[in-house]
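Here are my notes for your first read of this model. Keep the structure open beside you and check each point as you go.

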Amino acid sequence: MFGIKTYRKLRVIKRFSRILLVFFSAGFSGLIYKVGFRKHIPLPRRLMIRNTKEEDFPKKLREAFVKLGPVFVKFGQILSTRFDLLPAEYTTELEKLQATVPPFSFGEAKGIIENTFQKPLNSIFKAFESNPFASASLGQVYRAVLPSGKKVAVKVQRPNA
């Protein structure tokens, strides 16, 4: 039906469209129009343009990076150190990505662990805390107890990282 190359192209197009929609929804429609990507936004979305105040752009950029996932969060972390490229209000807002990345759900983490080990969580661990004690751009860490009684930390990579 479709070849591998066609499938890969469709995935890239789908991801590009998602990125544009996130930035468009965050209020960056003017930039999207200026660089010529307007035609890639569905007409119904174009009709729902939200005006974002310029002073809200740094926060909206940070929120868009979080919504787009780990690669964009990492990019935002790098940008937060580039005082030579961005105004101070942007670097200050993007610095929040260094320490405060929202965790993903325990259900997702549990699914990742069970898929990796091909076993239910309760057969791998004697106890497993449902709240992570650390969360970062690429993963989060949980406290657990092995069947032997040994306490361990379990690092789970973010979905789609």
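1. In which helix is Phe-16 found? Phe-16 belongs to helix α1, which covers residues 4–25. Please bear in mind that this is a predicted model. Every value below is computed from it.

2. Start with the overall layout. The chain holds nine helices and four strands. Follow the sequence and the pattern reads α-α-α-α-α-α-α-α-α-β-β-β-β. The chain has 161 residues, and 32% of them count as buried.

3. Now return to Phe-16. Is this residue buried, exposed or partly exposed? Its relative accessibility is 31%, so Phe-16 counts as partly exposed. The cut-offs matter here: buried means under 20%, and exposed means over 50%. Phe-16 also takes part in a nonpolar patch on the surface, along with Leu-31, Val-35 and Phe-37. Together these four residues have about 330 Å² of accessible area.

4. The patch leads on to a pocket. Phe-16, Leu-31, Val-35 and Phe-37 are also among the residues that line the second largest pocket. Others in that lining include Ile-19, Leu-20, Phe-23, Leu-61 and Tyr-90. The pocket has about 210 Å³ of space. Helices α1 and α2 (29–34) each supply at least two residues of its lining. The most come from α1, with four residues. By class, the lining has 12 nonpolar residues, no polar ones and no charged ones.

5. Compare the largest pocket. Its volume is about 380 Å³. How many residues line it? The count is 17, and Lys-67, Leu-68, Gly-69, Pro-70 and Pro-159 lie nearest the centre. Helices α1, α4 (57–68) and α5 (70–79) each give at least two residues to this lining.

6. Next, look at charge pairs. Side chains of opposite charge can pair when their charged atoms come close. The whole structure has four salt bridges. One of them links the side chains of Lys-59 and Glu-63, at 3.8 Å from N to O. A salt bridge needs nitrogen and oxygen within 4 Å, so this pair qualifies. Where do the two partners sit? Both lie in helix α4, four residues apart, which is about one turn of the helix. Lys-59 counts as partly exposed because its relative accessibility is 43%. Glu-63 is partly exposed as well, at 30%.

7. A second pair to find is Asp-84 with Arg-82. Their closest N and O atoms are 2.5 Å apart. Arg-82 stands at 32%, so it counts as partly exposed.

8. End with Lys-96 and Glu-93. Their side chains meet in a salt bridge at 3.2 Å, N to O. Lys-96 is partly exposed, with a relative accessible area of 40%. Glu-93 is buried, because its relative accessible area is 11%.

How values were computed:
Residues are numbered from 1 along each chain as its sequence is written. This is a predicted model: local features need pLDDT of at least 70, side-chain atom pairs count only at pLDDT 80 or more; totals for chains, interfaces and linings use all residues. Side-chain values use heavy atoms; hydrogens and water are left out. Patches are made of residues with over 30% relative accessible area and no salt bridge: like charges are joined within 9 Å, nonpolar side chains (Val, Leu, Ile, Met, Phe, Trp, Tyr) within 5 Å. Accessible areas come from the Shrake-Rupley method with a 1.4 Å probe; for residues, only the protein chains shown count as cover. Buried means under 20% relative accessible area, exposed over 50%, partly exposed in between (1.4 Å probe, protein chains only). On a 1 Å grid over the protein atoms alone, a cavity is a set of points where a 1.4 Å probe fits but cannot get out, and a pocket is an open set with protein on both sides within 12 Å along at least five of seven lines; lining residues have an atom within 4 Å of a point. Grid points are joined across faces, edges and corners, and a volume is the space filled by probe spheres set on the points. Ala, Val, Leu, Ile, Met, Phe, Trp, Tyr, Cys and Pro count as nonpolar, Asp, Glu, Lys and Arg as charged, and the others, Gly among them, as polar.
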